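Q: Hi! Could you walk me through this one? I'm new to reading structures.

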Amino acid sequence: MSVMLKMIKNKELLSVAEKVVLDYLIENKENLKDFSVNRIAEAAYTSPASVVRMCKKLGYKGFKDFKIDFILSNSKVEIPEEREYADVILTKDERCGIAAIENNITALEETLKLYDEDEYLKAADMVMSSRKILIFGKGSSYLACKDLEMKLRRINKFCIAQGESHDQLVDATFINEKDVIIFVSNSGKTREIINAAMVAKANKTKIVSIVKFGTSLLEELSDVVLYTTALEGEFRSAAMTSRISQMCVVDALFAKCAQRDIERSVRMLEMTYETFKKMKDKM
């Protein structure tokens, strides 16, 4: 996991003083190479001990190890900017067509900043080594579920995309540690999704979530989190940027899954292509 994501994801483990230090480091990340423990403590109005404790809670031996890892990190992850979003339909703007495309481009740029190579590799390993693959989502998120199902089945990984709440609970009941369940949720707070995740967690099933960046219960229940971004708020005329961001993450995950055994994946794709070609020739 990148240093920046590690800092943000473990924030809830920190004390108040340590959170102040973390916030200060995030806001001044470009200048960390010039900082010392005492300088950070003074700037954050806390003690050097709090700085060191924060580093240890993030998994480092001390500030020196944290600082070196941070500086040497090749991660491009940045915290997405808070942007004002005006629904392109509700604003009744004649420029709504091009504005919708511009918003999607912005969402993808922000999603790219959250890409974490290690997390995608972990997710791909879980998917490709599992007995069963379930993919759950509600509403527009279910579209991304079906897209991932279609892609994985083309490399001969049998999986089921499920969008109906009762069926999700039934399927989650009969899975275990040999299986993986992928949740696609913009908010990470949808009640039906959380219910299914809790059932899966109780059965010790591996959980991968594709969820909007931020703190949510779904993140807490997941073994691996792949972050998306979305510009629209809770009230929206349609799921636009959230859907585009989810589809992008699905494509990246599928690419990693296929790459895990690329020769087999190519062979499976060739077989599906030949099947479609034969059926087309018979028509």
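Q: How do strand E1 and E2 run, parallel or antiparallel, and how many bridges join them?
A: This is a predicted model, and in it strand E1 (residues 133–137) and E2 run parallel, joined by four bridges.

Q: Where is the place of Asn-156?
A: Asn-156 sits in the loop that links helix H8 (141–153) to strand E2 (159–162). Its phi is near 65°, a positive value in a residue that isn't glycine.

Q: Is Asn-156 buried or exposed?
A: Asn-156 counts as exposed because its relative accessibility is 52%, and the cut-off for exposed is over 50%.

Q: OK, what about Lys-204, what is its phi near?
A: The phi of Lys-204 is near 65°, again a positive value in a residue other than glycine. Lys-204 lies in the loop between helix H10 (191–202) and strand E4 (206–212), and Lys-204 is exposed, with a relative accessible area of 64%.

Q: Switching to helices: at what angle do the axes of H2 and H4 cross?
A: The axes of helix H2 (residues 16–27) and helix H4 (residues 48–57) cross at roughly 80° and come within 9 Å, so H2 is roughly perpendicular to H4.

Q: Which residues make the contact?
A: From H2 they include Val-21 and Leu-22, and from H4 they include Val-51 and Met-54. By class, the contact of H2 with H4 has six nonpolar, one polar and three charged residues.

Terms used
Residues numbered from 1 in each chain as written. Predicted model: local features only at pLDDT ≥ 70, side-chain atom pairs only at ≥ 80, totals over all residues. Heavy atoms only, no water. Helix = DSSP H or I, 4+ residues; strand = E, 2+ residues; numbered from the N terminus. Buried < 20%, exposed > 50% of the residue type's maximum accessible area, 1.4 Å probe, protein only. Pairing = 2+ DSSP bridges. Axes fitted to C-alpha atoms, helices over the stretch in contact; angles between N-to-C directions. Parallel < 35°, antiparallel > 145°, perpendicular 65-115°, else oblique. Contact = heavy atoms within 4.5 Å. Nonpolar A, V, L, I, M, F, W, Y, C, P; charged D, E, K, R; others polar.
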